[in-house]
2 protein chains.
Amino acid sequence: MGVTKEDTYTPRQSKLAQWYKALGHPARIAIVEQLLRSNCCICKDFTSEIDLAQPTISRHLQELKSAGIICGTIEGASVSYCINPRYRKRLRELITEN
Amino acid sequence: MGVTKEDTYTPRQSKLAQWYKALGHPARIAIVEQLLRSNCCICKDFTSEIDLAQPTISRHLQELKSAGIICGTIEGASVSYCINPRYRKRLRELITEN
DNA sequence: ATTATTTATAGTAATATTGCTATATATCTA
DNA sequence: TAGATATATAGCAATATTACTATAAATAAT
């Protein structure tokens, strides 16, 4: 049904799955890679690197944010995104390895 | 459109995303965890641990298999599944960590 | 040979995801 | 203030995912 029986699993299993699901799209991998290189980017920076419409990029950014993978801070008219420092090292391994 | 613009990304980005997507469901996390504990399981072993119908488990197993995460070998009337030895260590880190 | 056991596939229905265009909102700049 | 810039949201359409029941297929057991 496209709906996951959430209460079947431990919170840890659900959390892990949510984390990896957030990384389960090439656009989001590309975003994380760009952030690992550039440290901080505004939304527009991604739209010039990744061939997707701006609202689509924005949506992927929201998904990474709600998974706790990235943080966004308003900076004037733009929003500055960066890797959640807590997961920076781990993400570098996840993306770099293999 | 629920369809990913695959040619926008590098093969590496697509491959990474595919790998993490396969881990992006709690049932598949549960399956991998069980295999990390038990080394080898037949399909029926999973159905008695995870509260999902047998065909649903079977489908999740196929997805893990096509991502290269697990291997299945026919053994009489049943199929013996195990972690792809090539990724065993890596998966233990991915599942255990955090 | 018939029945039981084990697994996969077919078919279906509900929900989720991805991506677009149009537009709202908020801040800068002239 | 008026226009430009940057981002998010609304709304829509197409496809993907998840899970079910029913059933096929293949081996094991009686």
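Which residue in S3(A) is the bridge partner of Ile42(A)? In this predicted model, the partner is Ser80(A). That pair is a handy place to start a tour of the two sheets.

**The sheet of chain A**

Chain A holds an open sheet of three strands, arranged in the order S1-S3-S2 and paired antiparallel. Strand S1 (40–42) and strand S2 (70–75) of chain A take the edges, and each has a single partner strand, so one side of each is left without a neighbour in the sheet. On average, neighbouring strands of this sheet are turned by 30° against each other, direction ignored. S1(A) runs antiparallel to strand S3 (residues 78–83) of chain A, and three bridges join them. A helix belongs to the picture too: helix H4 (residues 54–66) of chain A packs on the sheet and touches S2 and S3 of chain A. The direction of H4(A) makes about 120° with that of S2(A).

**The sheet of chain B**

In chain B, three strands form an open sheet, again written S1-S3-S2, with antiparallel pairing. Its edge strands are strand S1 (40–42) and strand S2 (70–75) of chain B, each of which pairs on one side only. Neighbouring strands here are turned by 30° against each other on average, with direction ignored. If you follow S2(B) across to its partner, you meet strand S3 (residues 78–83) of chain B, paired in the antiparallel sense over six bridges. Within this part of the sheet, Cys71(B) stands opposite Cys82(B) in S3(B).

| Strand pair | Sense | Bridges |
|---|---|---|
| S1(A) and S3(A) | antiparallel | three bridges |
| S2(B) and S3(B) | antiparallel | six bridges |

Methods: Residues numbered from 1 in each chain as written. Chains lettered and ligands numbered in written order. Predicted model: local features only at pLDDT ≥ 70, side-chain atom pairs only at ≥ 80, totals over all residues. Heavy atoms only, no water. Pairing = 2+ DSSP bridges. Helix = DSSP H or I, 4+ residues; strand = E, 2+ residues; numbered from the N terminus. Axes fitted to C-alpha atoms, helices over the stretch in contact; angles between N-to-C directions. Contact = heavy atoms within 4.5 Å.
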